[in-house]
Amino acid sequence: ANLEKPFSDITLGPLIGRGSFGDVFRGVHRRHDVAVKMFHGHNELMREARVIARLRHPGIVQLLGIVSHGSSLCLILELFHQGTLFSLLHGENGKAKRSPMPIPWATAIACDVANALEYAHSLIPSVIHLDIKSPNIMLFQNCQMKIIDWGAARERSGTYSTAGKSTLG
């Protein structure tokens, strides 16, 4: 499938996140709410796009398109309205005390993350996320989650103890 989309198909909304490689905006692509990740550098975008394009799992954010317009490069990704696991655990400001998460819910999220990572690691070559943390786990209804931010990910051949060279650099 052709992932390249015209810039005119996107309407950018408010900033919803910041990272070391770029900014994430709420957006609309062909009447669908999406996340639009704009990059500061072309290499970072292409690396993340190649990784996410390989990943097809219900626990991993899906890449919907790639847009280049002048010096602007961005990925169009699924948008989840429930926020991150970090914001659920710590509140929106990161400092508020929250009541403990119910054990069945915490267990379900942990299992979903483990299943998504097991899938990525089972590919040949394996995809290793390298930045799993609560801000990189997006939540939506019914305790479902998806792993986001695959910018630090690398493809590896072999196991950790006999890892080959990364195919993405």
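## Exercises on a predicted model

Leaving aside neighbours within four places in sequence, L75 is in contact with A35, V36, K37, F39, L45, E48, A49, I52, L63, G65 and I66. The exercises below concern a predicted model.

**Exercise 1.** Determine which elements supply the largest nonpolar core, and which residues touch the most other members.

*Solution.* Step one is to identify the core: it has 34 residues, and L55, L63, L75, V127 and W150 touch the most other members. The largest share, five residues, is supplied by α3. Step three is to look for a further core: apart from this one lies another, of eight residues, including I10, V34, M38 and C74. As a general background, nonpolar side chains in soluble globular proteins tend to be buried together.

**Exercise 2.** Describe helix α1 and name the elements against which its buried residues pack.

*Solution.* Begin with the length. Helix α1 has 13 residues and reaches 19 Å from its first C-alpha to its last, close to the 18 Å expected at 1.5 Å a residue. Then list the buried positions, which are L45, R47, E48, A49, V51 and I52. Lastly, find their partners: the buried residues of α1 pack against β3, β4, β5, β6 (126-128) and β9 (154-156).

**Exercise 3.** Characterise the largest pocket by its volume, its lining and the classes of its lining residues.

*Solution.* The volume is about 790 Å³. The lining consists of 33 residues, and G17, V24, P135, M138 and I148 lie nearest the centre of the pocket. Two or more lining residues come from each of β1 (10-18), β2 (22-29), β3, β5 and α2 (85-90). Sorted by class, the lining has 13 nonpolar, eleven polar and nine charged residues.

**Exercise 4.** Decide whether T84 and L89 are buried or partly exposed.

*Solution.* Take T84, which is in the loop between β5 and α2. T84 counts as buried because its relative accessibility is 18%, and the cut-off for buried is under 20%. Leaving out residues up to four places away in sequence, T84 touches S134, P135, I137, M138 and L139. Now take L89, in helix α2. With a relative accessible area of 35%, L89 is partly exposed. The C-alpha atoms of L89 and S99, ten residues apart along the chain, are separated by 8.3 Å.

**Exercise 5.** Locate the backbone exceptions at R31, D149 and P125.

*Solution.* The general rule comes first: most residues other than glycine have a negative phi, and most peptide bonds are trans. R31, in the loop between β2 and β3, has a positive phi of about 70° although it is not a glycine. R31 is exposed, with a relative accessible area of 81%. D149, in the loop between β8 and β9, has a positive phi near 55°. At 26% relative accessibility, D149 is partly exposed. P125 is in the loop between α3 and β6, and a cis peptide bond with omega of about -5° joins I124 and P125.

Notes. Residues numbered from 1 in each chain as written. Predicted model: local features only at pLDDT ≥ 70, side-chain atom pairs only at ≥ 80, totals over all residues. Heavy atoms only, no water. Core = buried A, V, L, I, M, F, W, Y, C linked by side-chain atoms within 4.5 Å. Buried < 20%, exposed > 50% of the residue type's maximum accessible area, 1.4 Å probe, protein only. Helix = DSSP H or I, 4+ residues; strand = E, 2+ residues; numbered from the N terminus. Contact = heavy atoms within 4.5 Å. 1 Å grid on protein atoms, 1.4 Å probe; cavity = no way out; pocket = protein on both sides within 12 Å on 5 of 7 lines; lining within 4 Å. Points joined across faces, edges and corners; volume = space filled by probe spheres on them. Nonpolar A, V, L, I, M, F, W, Y, C, P; charged D, E, K, R; others polar. Expected span 1.5 Å × (residues − 1).
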